Structures are given as C-alpha cells and as structure tokens.
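Dear colleague,

Here is the structure that we discussed, and I would be grateful if you could look through it alongside the notes that follow.

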Amino acid sequence: MTLRLHRWAAIVAAAGLLAACNNGVPEDAEPASDSSGGGEAEGSSTAESSGNDNLVRHDTDPYPSTYEPLPGETTLITGATILDGIGGRIENGSLLMVDGRISAIGTDIEAPDGATVIDAQGRFVTPGIIDIHSHLGVYPSPGADAHSDGNEITSPITAEVWAEHSVWPQDPGFDAALAGGVTTLQVLPGSANLFGGRGIILRNVPSRTVQGMKFPDAPYTLKMACGENPARVYGGRNQSPATDMGNMAGYRAAWQRASDYRDSWNEHWDDPDNNNPPTRDLELDTLMGALEGDILVQMHCYRADQMAQVIDMSQEFGYQVTAFHHAVEAYKIPDLLADADICAAVWADWGGFKMEAYDTIRENLALTHANGACAMIHSDDSLGIQRLNQEIAKALSDGRRMGLDISEAEAWAWVSSNPARALGIFDETGSLEEGKRADVVIWSANPYSTYAVADQVFIDGAVLYDRSDETRQTVRDFRLGLPGEGED
Amino acid sequence: MRMLIALAALGLAAIPAATAQDFAIINGRVITNTGDGVIENGTVLVRGGQITGVSADLAVPEGLRTVDANGGWVTPGIFAPVSQLGLVEVGAESSARDTAASGSSFSASIDVADGFNPNSSHLAVNRMEGVTRYAVYPSTGANLIAGQGALGHTGGGYDSLFDTQSFMYAEMGQSGANSAGGSRSAAWAFLEAAFADARGYPGRYLNSPQGEALGRTDAAAMVEVVRGRMPLVVTVNRASDILRLIRFQEDNRAVRLIIRGGAEAWMVADELADSGIPVLLDPMRNLPGSFESLGSTLTAAQRLNAAGVTVAYTTDTADGYINARLLPQHAGNAVAHGVPWDAAFRAITLTPAEIYGVGDRYGALATGYAADIVIWDGDPLEVMSAPTHVFVDGEETDMESRQTRLRDRYADLEDETPFAYRR
C-alpha cells in the first residue's frame, strides 16, 4: 500500500482517494526473436531440433502475442494539419492508410478507388500517443482490494514476475485511455522492489486476453526502482534494503549472480557436450536478458545523484539503462544522460510528494530536451494517461516561457517517437512515416489546446474509437450494467 | 466563521491598506464574473487593495500608475475550494505534514489554522499560476469528523488566513463507513449521535467529559455547525449516499451542507438542485475508481450545471498542495465536455467564494471587491496560457518560487560557476 500511494500520500489520507499508481518500470527479457530460439517447445526447455542433442535453450516467448489488428478500410485523411511525431508539420496535409499501414503522407494524395475519405479541414492529425509508464490492468479501476496486482511486495528482488500475468484486460481505464488517443502503452510492475519484474508493451485494443493485446515482437522490459520506495518497504520490515546504499548493494549482488549465470549458459552453449546447463532460474533469466540488451531496463529514479550512481553501476556490469522514469531531477544532469544514451520519462508538473520529488520544476521536460538528452512524458496514472497531449502542452509552454525554442511538431516526439524508441518499437510505430503501423489520431482541434478531444483513433488502420459513433466506443465488461456504462 | 473579515462587517474594509499601491490595469480583456460579462479592452481601477472601478471607458486619473495588460486576459484570481496549502510541504514526510492526527482522540475541535504555515514553498508555486484564495482542509483522523478548515490568500505573511473556523469537514460514504467501524449505517449512527451531543452541549457534559459520539471539546466545536453558523462539508460520492445526505438536510434545516466528491451527483441532479446543496467536484474524474464512484464521468459537470446545481471545481484527483494550480486545466476540460466557459470559469473563482460565504468580497472584478487580479497571456483555461501578473489584495506579487529558483540554477550548463554558488 505504501508504494501505491507514495505520490499522494497526504492527500490520499485527506480525500480518501486511491492513487492509481505508483511507479515502476517494467523489465524483462525479450521474447526470443519469434520462435527461432526454440519457441516450439511446449515445456520449459527443449533441445534445438537442428543442433546438438545435448544443447538446452529455453523458450523465451512462452506467452506469445495473439494480437490481430481489427479490420480497417483503405482510408485517406485530407486537409489536416499533420504533426508527424519526428518534428515534421504539414499544413493541409493528407495521410493514406492501406492494409493497416501508412502508405503515403504529404499533400495532394489521390484517394485510391473505394477508399474512405475523411475531411479533416481545421483538425489535427498525429501519431497515436504512447505512454511508457502505465499501471493499467495491474492497478485497475475499481481499485478494489482484490485488484492490487502491481507490486509483488514479498522480496526486494522479484525479476521473475511478469506484469502481463497481472494485467486485467477488463480494466475500464483502457477504454478511457483510448478515447484520449493512446494507442500503445507499457504496463509496469510497481516500485516497491529493486527489481520489480518484467513490463509488457500493449496495443490499446479490447481483448479477452492479455496475449491479445501484446505488441507483436516488442522487446520485454525490466522494471527497477531507486530510492525511497524499496528502502521504506523493506527497511520497515527490518530487512535489506533499508537505505540507498542497501539498494545499490542489492542491485549489484543480483547483477553479479546474473553475470555468473550467463557465464554458465555460455559455457554450455559453447560446448554442450562437456558443460551441463545451469539449473534454470526464472529471476536470473530476466536479469541475464537485461545484461544481454534483449530486455530493456526501465528504472524508476527521481534524484540526479541516484541516477548518476546507477549509470556507473550499469557500466560496472555492462548493461544499458534505457530510460529513467519520473526523473524529477533530469534537468540537473542532461549531459550525463546524453553521454550514457539514457532517456528521461517525466511528468509535466507532478512532484513534491516525497523528498526525492521535492525539486520538481515545470520546465523539466523542455529543459532536459533542450540540453541534449532524450526526454518524454509519461503518466503513471489512469487519469493522466487520458490527457498526455495536455501534459506536453504544459511542458512546451513552460519551456518556451523560459526562452527555449521548441516547436509543436518537435514536442509531439515527447508522446510518440521518443517513447517508441525507448520501448524498442520505433521501427513499427511512433511516427507517421510510410510503412509504419497506422496508429493515428484525428483531433478536433490543435491537441495543444485544453479544448481539443480525439475525434477518431486508429490502431493498425482500423477505427478503434469514434467520438461521434457509440458503436465505435469500447466498453469493458466491468462497466456493463453498472452506473456509468458508456459514459465518457 | 471567525473573521478577520470582521472588518468588512464593520464597514471598515474600505480603508486603504497602507502598503497597497493604487493603479489601473488597462488594455485587457476583462472577465468580470458579474452582469457586466466580458469587457473588451477594459480598465480596472484599484485603490487601497480594492477594486474601485471596472469599465471599457474609464478615464485613468492623471498620475495613476498603469499596468498594461497588452491585450491579455484580466480575471479575478483563482479560488481553490479544496486544498491543503500550508499544511503539507512534503506529503510523504510526517515531519512536513500537518493534515491528519490519527493518533489524537480529538476531531471536530481540531483547527487547521493552528498548524498552518504561510512560509510553505507551495504558496508561491500556486500563486504564480493564478491561485489567490484557497480553502484549507484537514484530513480525517480519530473519526469521520476531520475538524475545522480555514480560508487563505497567497499574498504571503503571517496573516495569510483571512478567515478561520470557516467550515467543518467530515467524510461519509466509504471513508465514513471505515471510520465508524465498517458500515455506512454505523457512520450515520455516529453522525446523528454527534449532532445530538452538540445539541445537548453543555448540559450532557456536566457530569462527564464524554458524550455518545464526541467528547466535550469536540461537541463544543460542533455547536456552530448544528446552529448553522458554520457550514459542514461532507464527502459523499455514491448517489444513494447523496440522497441520504439530502434527507439529513431535510431533518436538520438549520445546517448548511456542502458536498465534496459527488462522483455520482449527476445521477441525482434534480434532487440536489432542489436541496440547494452545492457540490465541490473534480470534473476530470471519470473512472470507476471504487464501488461508490462507478458513475464517474467527464459529463458530470455539464449535467449538474444544466440541472441548476451550484458546482465549484476541485483538483481532488491530483493533489491539494502543489497542484491546486491545475484548476484552470480542470475547468478547461469541463468546457471540453460541455460546460459553458463562463460557468466553468466561475466554478474556480466566484462560485467557491459564494459557497464559503465570501462571494461579496472575492471572485469577481467589481467595485468593492478585493483586488485579487490575474493578468494572463491568453485564455486562462488553455493549458498553454499562464499569468504574467498576479495581484493579491492589490499588491503585485513576485513571479518566483522555489521551483523557478531551481530552474534558473540549472538552466545554463555552460556557465562556469559551480551550481551551488548560483543564486
């Protein structure tokens, strides 16, 4: 509970609110490139069919994506102001979607025969929003006792748990996020633990199963957490970690075990006839994947000095931190982040709720970006995820007010291409470019306005949400037959 | 309500404050919140901390200082109807938080004014973004009655609370049920008993400091509520809980009730409108966060407005000590979901002032009102707009906070001066 509520601890007490989230970052070993690494195995291990009979290689994708795009039509959007997510802006622009992919973007695109043509005169078109930090499904609505599935608060190192095994696909928060233009999201375990477990990257589509939402071939991620949360939880139980130095010792000991584990596997794989494989360890499988770079490390970390310690640790053990989440003090160390090639995922104006968040400033995102580091917005919240366009609008205006020269087109990267890169899915989504998945939002007005709402949201070229058509609005099972069914 | 506003009642408020400057704001789009509506290219005259004139064709007296709004919007300051400003510096630090006393046996007698700290860094953070007035709320501790709230301004100084013992705060519904032992029915039994204790005060305490629900000190504090001299703010969200509260109002005519929360208030909007009970609502709350807020929707504000319910907006889904400043964004989202702009803007300015009984002094730009004035560089409900000037009681305030100091320290990485020497 402590962890879920950290952000608003005082207010929660006052208002009886349940903060829907906390923080954490997902992590985990990548699903081995499709099934080539032995995905055919039913069980946990298998001998490679084409190789040595003694060779053991575990299936790295035992819970594969079953996502299938909904059927879409060939659709041409015309007359829109297009922000492409990688800094481009096209006035009176057109976007053509064919077979779920973007087939052309520019001006004066001819409508193919039979295409649906949408006149978006006076409206804006952008890539779908990607939230790199969500707990939808693992801390769903309603926040019932039985739904607190985001933190395995039983040990500080739980790299063996996977957020996808907690995600409740009937969380009504997914519907609301879709209406806010969110097409892809990373769902992470919470931040109670040093290693919270694997995160999962989801398409924001309705499905009976989590597998039906999993982003095909996306990397796994590993959620780690710095600072107050792990130390408070475990220190409160008189066990390690109780301090920042205890946190570091905990990570390092685990990385060393993972490194040894990897050595044992490599010895086996190099010479299976003479080296038996080590006993499989689910926790170390994940950490080994992170050391290998297959699993992207997403680390909850607020303070500049703590991030600097983690950067050194990543070099000590030879792994890459992909993104620091929350990163309230990223603005103090953009140079260190840029040198280490680490992104910062931040809020526009949340902070102050605990000591490590006390130095929050509204210019964090814009200033970190302007000083050369990769930066982006994140929500960590089931309400905030619905308005990430407004969150970057605030960040952009604050940056401009202090003199930073950043365009609206450039800033859209904060909700699209930058999170896509930090999730290892930029080849597929995060910008409006030919060949990419047609994840597209048509906004009623400039999405940097409070008054703009998403008119239509496309995922893989299919209309998943249409504001003016109730038959194109998802309603998760939970809301059926209850007060509020079908409400915005 | 204990008033520092007592001055106004005595007719002394018109005496100029010694430190306030006299000036005229010119060349602005003036949002009056009065029958005058919006005045394009209007002028606002300020003398002695008060507004002395608002019009399109006011002559600025010779020699009077002018503040050029440069075509920006000129509005009353934001009035945050629910906050914990001055009670919390760091939410997770018990040493920097005075919101709730879970270890105390006192409830109604707890007065937030005794713990309020006007030097909290968050006052300037909120003021810079247009918040000039706010209500300060206690959190519940010993029982479902949290204690007494106060009203403050962001002008700074140890007199920042301009009205104390302004309202009593209690939580019913799910929270009240938990406080009362486990059920809503028990919570109502407690509240009825607390009222009976207050009605019986002091007689029933002659032989014992304990009543049925409240001890002597708490019962004494509740007397003002029972007699209708101090409003009672009650958190309720479920439609049936709201109806139960309306029934309580019918049984206790003198009591002045205010609802906080109201997630499902739109489902009983007509009953609420008939009752006259105002609602403090977060218009951005739209998920079924619990079984008492299943009906949460972004259209709640619009439906309540259409039904004629008095509604002020809160940031209850954000927080109440740093992000009361987000009220314009919350109001803007209400507009995006159907509330007329004027009604939404009043819901964060004049309406909360009226709900707390100070609407004749705060929340509008009109002669006789306190000069709490914000000049914005655009539509205040737009997320990309921000204040350029903030006046509290006619005094221009610094556009600086601990946050801007940090920003400025780290703005330039090329500067050779070590960070700790930059001030």
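Helices (H or I, at least four residues) and strands (E, at least two) are DSSP runs, numbered from the N terminus. This is a predicted model, in which local features need pLDDT of at least 70 and side-chain atom pairs count only at pLDDT 80 or more, while totals for chains, interfaces and linings use all residues. Residues are numbered from 1 along each chain as its sequence is written, and chains are lettered from A and ligands numbered from 1 in the order in which they are written.

Helix H5 (residues 216-226) of chain B has as its buried residues B:Asp218, B:Ala219, B:Ala221, B:Met222, B:Glu224, B:Val225 and B:Val226. Their cover includes strand S9 (145-153), strand S10 (161-171), helix H4 (184-199) and strand S11 (232-236) of chain B. After H5(B) comes B:Gly228, with a positive phi near 80°.

Chain B is divided into domain 1 (2-75 + 383-410) and domain 2 (80-362), with bounds that come from an automatic or database domain assignment. The centres of these two domains of chain B, taken over C-alpha atoms, are 28 Å apart. In the contact between them (C-beta atoms, placed from the backbone, within 7 Å), 20 residues of domain 1 of chain B meet 23 residues of domain 2 of chain B. On the domain 1 side, S16(B) gives the most, with three residues.

Between the chains, the contact takes 53 residues from chain B and 53 residues from chain A. The largest share of the chain B side, five residues, comes from H9(B).

Finally, in chain A, helix H5 (residues 244-270) and helix H6 (residues 282-292) pack at an angle of about 85°, with their axes 9 Å apart; the axes are lines fitted to C-alpha atoms over the stretch in contact, and angles run from 0 to 180 degrees between N-to-C directions. H5(A) and H6(A) are therefore roughly perpendicular to each other, a term that covers 65 to 115 degrees.

With best wishes

How values were computed. Contact = placed C-beta atoms within 7 Å. Parallel < 35°, antiparallel > 145°, perpendicular 65-115°, else oblique. Buried ≥ 20, exposed ≤ 12 C-beta atoms within 10 Å, placed from the backbone.
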